[in-house]
Amino acid sequence: MNPTHAPGEACLTCPSRHGQLEKLGLRIDDTDFIIALAGNPNTGKTTVFNALTGLRMHTGNWPGKTITRAEGAFSYDGKRFKIVDLPGTYSLLSASPDEEVARTFLLFGQPDVTVIVADATCLERNLNLTLQTLQITRRAVLCLNLMDEAKAHGITIDIRHLSRELGIPVIPCSARSGEGIPELIKEIHTVATSGETPKPRALPLEIPGLRGALSRIEAGLKQSFPELPQPRWVALRLLEGDREIIEAVRTGEIGALKENHPQQGIKSA
Amino acid sequence: METTTPDHVLKNAEELRWQLPQNLHDRIAESIYGEAARIAAENVTREGQTRRLRWQQRLDRLLTHPLTAFPIMILILGAVLWITITGANVPSGMLANLLIDHGHPLVSDTLTAAHAPEWLRGLLADGVYLATAWVIAVMLPPMAIFFPCFTLLEDFGFLPRVAFNLDRIFQKVGAHGKQALTMTMGLGCNAAGVVATRIIDSPRERLIAIITNNFSLCNGRWPTQILMASIFLGALAPKAWAGTISALAVLAVALLGFGFAMLTSWFLARTVLRGEATSFSLELPPYRPPSFWKTLYTSLIDRTLIVLWRAIVFAAPAGAAIWLCANINLGDQSIAAWFINFTEPLAWLMGLTGVILLAYVVAIPANEIVIPTILMLTVLVTGAGGGAGAGVMFEPDSTDVVRSILHAGGWTTLTAVCLMLFSLCHNPCSTTIYTIYKETRSWKWTAVSTFLPLIIGVALCILTAAIWRMLA
């Protein structure tokens with residue numbers, strides 16, 4: 001009967017308070033964008049995943065908990081995001097099965113945004129993977145998780161400077177308490193919908209002869225596969241003798257990769 | 001030469017690779033690590049050692065010290081078991097009273113009042129309903145206590161320390177240190193433990209981890225252990241010590257399982273799966289205070305209820321199957337009676353009963369339903385529990401129905417001990433077997449993983465029963 005009343009409790013907890021967020025859980029059909037969650041083991045990827053999707057995948061305080069990909073979805077500002085929780089890895093350089101799941105998805109799954117979840121208490125170790133990931137994909141956001149723990153350990157991080165140096169947005173988070181998650185969602189949305197591709201820093205590879213060799217292979221790749229998103233990274237892998245990548249080039253499978261094309265066939269890992 | 005086709009590119013890369021430094025891979029890794037170190041140094045500031053870091057280091061020294069690590073680990077596992085056993089007693093009795101003493105006559109009478117034919121009443125009330133009710137009464141309370149305790153420890157950061165401590169043993173037997181993690185996963189569910197072996201890179205060590213995972217007592221088997229220990233072994237001790245004795249007995253079985261896993265790994269690593277042990281690095285994560293209520297909630301909802309649901313899903317059709325087995329006659333005996341009489345000699349040798357062996361055949365899909373199946377078969381086939389034939393009547397005021405049925409079924413302490421051993425060492429459930437096949441893609445290794453523990457279990461039970469009878 002009374003049309004004007006103070007907002008009740010339901011309004012305060014309503015998802016729309018954080019810019020039209022709806023946690024879609026397992027409803028992962030018809031999504032507009034694919035988001036990958038990558039990062040070192042035990043940095044809280046699954047906690048971030050749960051916070052975004054409203055799912056309750058089991059988490060545990062030990063590295064290697066997530067072995068297979070988990071998928072979920074959320075919607076924000078009318079766009080639907082499918083989110084893929086990848087197994088945690090320390091690097092993308094070796095060929096262990098869990099690293100392959102992560103690398104194959106980053107390369108062949110063609111995520112629109114890759115959220116790199118890093119442990120703020122040991123940034124250096126986490127930056128190794130961050131830098132490697134940035135060689136594969138440019139559309140990335142660094143989610144600096146476990147900020148509460150870093151604070152308890154007396155660690156402070158210059159977020160703005162770090163962001164400038166890496167060339168990608170950096171969002172401080174404490175996923176367990178949900179702190180920073182709304183900002184992260186907003187940033188994912190921005191990166192996914194904006195036409196601009198961030199320009200992450202390139203690796204300084206001061207190895208004699210490498211620069212020239214890379215340029216030659218890169219040029220060859222560009223001719224064979226004009227739409228290949230990261231020819232330089234593929235060239236580097238070829239020079240290192242990476243069997244999976246060599247095979248993908250030989251069969252031409254790598255040519256199916258195009259930048260910014262969501263809903264590409266995802267190679268099952 | 002212009003490089004145009006993919007083959008050209010590959011050939012070119014092959015040639016160029018020879019002109020580059022031999023250790024290209026390492027040099028690339030080095031330059032990445034150097035860059036990471038530089039960026040971190042520029043952006044992170046750290047105030048000396050905080051109090052939190054100090055107590056974490058102190059705790060780690062205690063939990064990973066060669067002298068204190070193992071006693072503390074065993075003490076913690078024992079404490080969790082003790083809390084589970086003493087805590088589950090009362091609610092278990094209440095649930096049995098509610099669902100079986102009162103619920104079963106109600107369902108049965110309702111069906112009779114609805115003029116259901118006798119076979120339908122038997123199938124639904126004595127089969128489906130009773131099996132499901134047993135599962136809930138027997139499994140829910142221990143699971144509702146055990147899982148949250150375990151999850152709290154896991155979230156705190158205890159598991160990686162366990163893996164760290166056990167690594168020394170695993171290395172000695174020629175297995176991979178990460179097997180400690182997959183085995184602790186197996187304490188929840190062996191199928192999950194088998195999938196978890198993917199964290200082990202070397203195929204040889206991974207196979208060892210898969211084959212021996214079954215020696216980790218899983219969800220479905222903890223209740224069997226806990227129930228047997230509290231009814232038969234705890235009862236031998238004075239009342240004040242019953243809980244402690246039961247906990248110690250279950251702890252002993254769990255440790256025996258670990259021993260068998262080590263022994264089997266050692267055997268495999270020296271015979272069919274010979275090879276070098278690979279090294280690995282394991283990060284000890286910081287201790288994190290678990291968010292208590294959240295952990296409690298998720299482990300109750302996600303783990304306890306999901307496992308319980310799985311048990312119910314398997315128990316309901318199994319209940320129907322058991323009732324049919326017990327009520328369809330071949331000649332002058334029911335199918336169940338044929339099987340039980342046929343296997344009785346072997347069962348006697350193993351210190352078990354034919355009913356238990358039949359229960360283990362029926363319960364291949366899920367270990368969770370072993371105890372309910374045993375109870376139902378005992379009631380249906382031997383007519384124990386006060387009723388005759390397929391009639392299921394219990395003393396209405398008895399809160400400890402399980403105990404009275406099993407005693408009526410002719411069980412002794414030896415039966416309980418052998419059942420605990422057989423529950424530890426027998427074939428994995430069908431889900432795990434299927435998972436093993438999916439992970440190994442080999443029928444041979446699937447068969448080895450299935451039959452190896454079964455053979456060990458049969459031998460172990462026969463040996464135990466023989467020694468027991470010699471001494472008794």
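Biologist: Which residues are buried in α8(A)?

Modeller: This is a predicted model: local features need pLDDT of at least 70, side-chain atom pairs count only at pLDDT 80 or more, and totals for chains, interfaces and linings use all residues. Residues are numbered from 1 along each chain as its sequence is written, with chains lettered from A and ligands numbered from 1 in the order in which they are written. A residue is buried if 20 or more other C-beta atoms, placed from the backbone, lie within 10 Å of its own, exposed if 12 or fewer, and partly exposed in between. In α8(A), the buried ones are A:Leu210, A:Ala213, A:Leu214, A:Ile217, A:Glu218, A:Gly220, A:Leu221 and A:Ser224. They cover an arc of only 165 degrees around the axis, so they sit on the same side of α8(A). That arc is taken from the directions from the helix axis to the C-beta atoms.

Biologist: Which residues are exposed on the other side of α8(A)?

Modeller: A:Arg211, A:Gly212 and A:Ser215.

Biologist: What covers the buried residues of α8(A)?

Modeller: Contact means C-beta atoms, placed from the backbone, within 7 Å. The cover includes α9 (231-240) of chain A and α1 (6-19) of chain B.

Biologist: In what order do the seven strands of the open sheet in chain A run?

Modeller: Helices (H or I, at least four residues) and strands (E, at least two) are DSSP runs, numbered from the N terminus. Strands pair if DSSP finds at least two bridges between them. The order is β1-β3-β4-β2-β5-β6-β8, with mixed pairing. β1 (21-25) and β8 (170-172) of chain A each have a single partner strand, so one side of each lacks a neighbour in the sheet.

Biologist: How many bridges join β2 to β4 of chain A?

Modeller: Five, and the two strands run parallel. A:Ile35 stands opposite A:Ile83 in β4(A).

Notes:
Contact = placed C-beta atoms within 7 Å.
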